[in-house]
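Okay, thanks everyone, I'll keep this short. Let me put the thing up on the screen and then walk you through a couple of spots.

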Amino acid sequence: MNSQTGTPDHADTRVGGGSEIDHLLEETRRFPPSPEFAANAVAGAELYERAQRDREGFWADQARELLHWHKPFTQVLDWSMPPFAKWYADGELNVAYNCLDRHVEAGHGDRVALLWEGEPGDDRRITYAELTDEVKRLANVLTDLGIGPGDRVAIYLPMIPETVAAMLAVARLGAIHSVIFGGFSADSLRSRIDDAGAKLVITADGGWRKGKVSPLKPAVDQALGERNGLGVQETVEHVLVVRRGGNEVDWVEGRDIWYHDVVPQASAEHEAQPFEAENPLFILYTSGTTGKPKGILHTSGGYLTQAQFTHRNVFDLRPESDVYWCTADVGWITGHSYVVYGPLANGATQVLYEGTPEFPEPGRWWDVIEKYGVTIFYTAPTAIRGFMKQGRQIPQARDLSSLRVLGSVGEPINPEAWMWFREVVGAGACPIVDTWWQTETGAIMISALPGVTETKPGSAQVPVPGVSIDVVGEDGQHVGSGNGGLLVITEPWPSMLRGIWGDPERFRETYWEKFESQGYYFAGDGARLDEDGDIWLLGRVDDVMNVSGHRLSTAEIESALVAHEATAEAAVVGAADETTGQAVVAFVILKESYLRQHGPEGLAQQLRTWVGEQIGPIARPRDVYIVGELPKTRSGKIMRRLLRDVAEGREVGDTTTLADTAVMSVISAQVR
Ligand code: WT7
């Protein structure tokens with residue numbers, strides 16, 4: 001154990017290197033909410049008191065006040081079969097009705113739901129009435145295609161309004177969506193389609209990215225076409241294709257259907273049916289510590305309650321007047337909870353932007369904020385650090401005075417980036433909420449409340465009302481203020497994952513086994529409590545990397561590398577990177593047989609490209625080092641800690657447990 005942080009010493013808690021932690025401990029700046037902000041805030045301190053008095057009663061109140069229930073629930077939490085929770089189990093609701101119809105019925109049909117901006121500069125304003133219509137038509141089309149309750153629908157789309165409509169139409173029918181990020185490869189797409197047994201794929205010809213059309217349908221065609229010999233039964237019956245990029249696409253007659261050929265013609269009459277609160281809503285795949293991504297399963301009533309509750313209270317949302325913008329892609333959990341479900345359940349008006357921050361030039365995001373008068377802006381530290389590099393003159397050339405609340409998510413935010421966000425983007429006045437959560441938690445778990453909390457640059461601070469968090473040692477005991485340890489969630493919460501699709505045992509093992517006797521959920525993150533009891537996240541303690549706020553598994557990238565004909569063995573580490581937080585660095589041993597015929601020239605580059613093709617461009621290693629050996633313990637375990645030292649250009653740490661202590665100097669020399 002490391003005595004300073006209380007985490008196991010293989011732990012990857014060095015966010016930006018060891019000095020970063022010391023640096024965090026010296027952070028003493030404090031930013032209380034302004035008296036005006038506090039006086040008018042949506043959420044006040046009484047929320048904590050109410051939740052403290054009666055946690056389940058608090059979540060029952062939230063579910064009743066925030067959502068429309070076709071059939072009211074009488075039970076709140078059923079925890080009789082841990083770790084399988086049920087929330088509001090005898091209640092019935094329709095998630096899409098809660099995000100759409102009820103706002104129209106309440107007279108808000110003319111309110112803009114989506115302020116969509118395409119990357120080439122085209123735009124569309126879509127009201128709640130219009131979005132409701134579109135979803136009803138699409139629900140009728142999906143019904144005609146045989147989609148009903150419990151069926152799985154894969155969604156592989158760019159950031160366009162149809163993507164939001166597709167998710168809601170699936171939800172409206174009580175079916176289950178599995179959104180696959182458009183940056184994933186055909187291989188990744190195929191394994192996700194197969195794991196979920198999807199019946200339908202909704203995709204587009206392509207979407208705009210960095211000034212060009214980035215094709216999507218070819219990956220779907222490839223994923224569905226390559227099954228021969230795999231022994232996998234084809235489950236996909238149809239592919240529904242949105243025209244966005246205008247690029248040429250291949251067409252499979254009888255399987256493929258253009259969205260525009262069927263949706264506008266369909267009836268806009270569709271009555272939302274109620275489903276049980278525990279009806280599955282979506283599966284979202286995320287990387288774990290093994291090579292196989294996990295299908296995280298979320299259900300309806302509890303998920304929607306906490307997504308809506310946190311979206312309203314953490315961002316101080318006023319649906320009548322705010323213009324909210326979350327920059328996440330809907331292919332990630334942030335896009336599910338804080339682009340689709342939270343904001344729409346709250347009846348918010350939000351920006352949806354298709355492209356990248358730097359097209360046609362680095363100020364594009366600031367132009368979007370100015371054009372739409374964005375008031376609440378939720379983004380990731382990696383983006384902020386990217387903007388810092390480009391210089392403050394770029395945002396300062398725009399009018400950002402509409403902004404009033406700023407949010408951060410995805411990885412620890414370093415105090416420098418936090419201060420820059422506050423001063424340059426928020427004019428020194430907007431509260432910042434640093435929100436910690438995970439694909440598994442479904443919604444925000446740790447965050448300041450902007451009208452209540454005195455914020456500290458770099459700390460995510462306190463659990464949201466109704467959520468119970470602790471920092472514990474390996475023994476499961478609370479570490480106490482001023483100490484570090486492992487982050488755990490000590491009580492079930494409404495938006496918690498209900499399992500891993502098709503693998504209940506992996507669910508138990510991954511999250512619950514470590515602190516089984518206490519019944520705690522183990523998040524996989526290291527954290528520290530300061531003298532006030534505020535929480536500082538220190539990064540993952542397992543073999544999961546965080547690159548630009550995206551979760552990547554070392555094992556998954558290693559298995560892609562060894563699938564290449566040249567590779568004998570591979571080890572991957574996440575090395576500190578100034579912009580992306582961590583970067584993928586691979587150490588590869590080549591096969592002698594391959595080397596005899598080909599030689600190593602150009603291979604590092606080839607392997608980078610290969611990983612990009614196998615998993616997706618986000619997984620492409622920043623560096624690939626060809627080495628002769630890997631550092632292993634006597635029992636054969638690769639010591640990634642030492643490789644990380646090399647990748648970060650540091651003095652190599654303690655090598656005494658290595659089988660061959662000379663190996664590190666050889667590797668260091670080969671890398672140089
Ligand atoms: C992991 C979850 C939650 C949406 C985006 C990522 C890290 C997330 C923070 C934060 C420090 C953070 C954790 C977590 N993380 N937010 N505010 N401060 N770390 O979702 O892909 O499921 O990854 O992201 O390590 O475990 P995800």
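Before we start, one cut-off: a residue is called buried if 20 or more other C-beta atoms lie within 10 Å of its own, and exposed if 12 or fewer do. And keep in mind that this is a predicted model.

So, the UniProt record, an unreviewed entry, has a "binding site" annotation on Arg209, Lys210, Gly211, Lys212, Thr334 and Ser548. Those positions are spread over 340 residues of sequence, and in space they are up to 25.2 Å apart between C-alpha atoms.

Let's take two of them. Is Thr334 buried or exposed? Thr334 has 25 C-beta neighbours inside 10 Å, so it counts as buried. You'll find Thr334 in helix α13, residues 333-345. Leaving out anything up to four places away in sequence, Thr334 touches Cys326, Ala328 and Val409.

Now Lys210. That one sits in the loop between β9 (206-209) and β10 (212-215). Lys210 counts as exposed, because it has 11 C-beta neighbours inside 10 Å. Beyond its neighbours within four places in sequence, Lys210 is in contact with Thr356 and Phe359.

Back to α13 for a second, and its packing with α12, residues 301-314. The two axes come within 8 Å and cross at roughly 85 degrees, so α12 is roughly perpendicular to α13. On the α12 side, the contact uses Leu304, Ala307, Gln308, Thr310 and His311; α13 brings Ser337, Tyr338, Tyr341, Gly342, Pro343 and Ala345. By class, that contact has 6 nonpolar, 5 polar and no charged residues.

Notes:
Residues are numbered from 1 along each chain as its sequence is written. This is a predicted model: local features need pLDDT of at least 70, side-chain atom pairs count only at pLDDT 80 or more; totals for chains, interfaces and linings use all residues. UniProt positions are given in the numbering used here, feature names are shortened, and annotations may be inferred rather than shown by experiment. Helices (H or I, at least four residues) and strands (E, at least two) are DSSP runs, numbered from the N terminus. Two residues are in contact if their C-beta atoms, placed from the backbone, lie within 7 Å. Axes are lines fitted to C-alpha atoms, for helices over the stretch in contact, and angles run from 0 to 180 degrees between N-to-C directions. Angles under 35 degrees count as roughly parallel, over 145 as roughly antiparallel, 65 to 115 as roughly perpendicular and the rest as oblique. Ala, Val, Leu, Ile, Met, Phe, Trp, Tyr, Cys and Pro count as nonpolar, Asp, Glu, Lys and Arg as charged, and the others, Gly among them, as polar.
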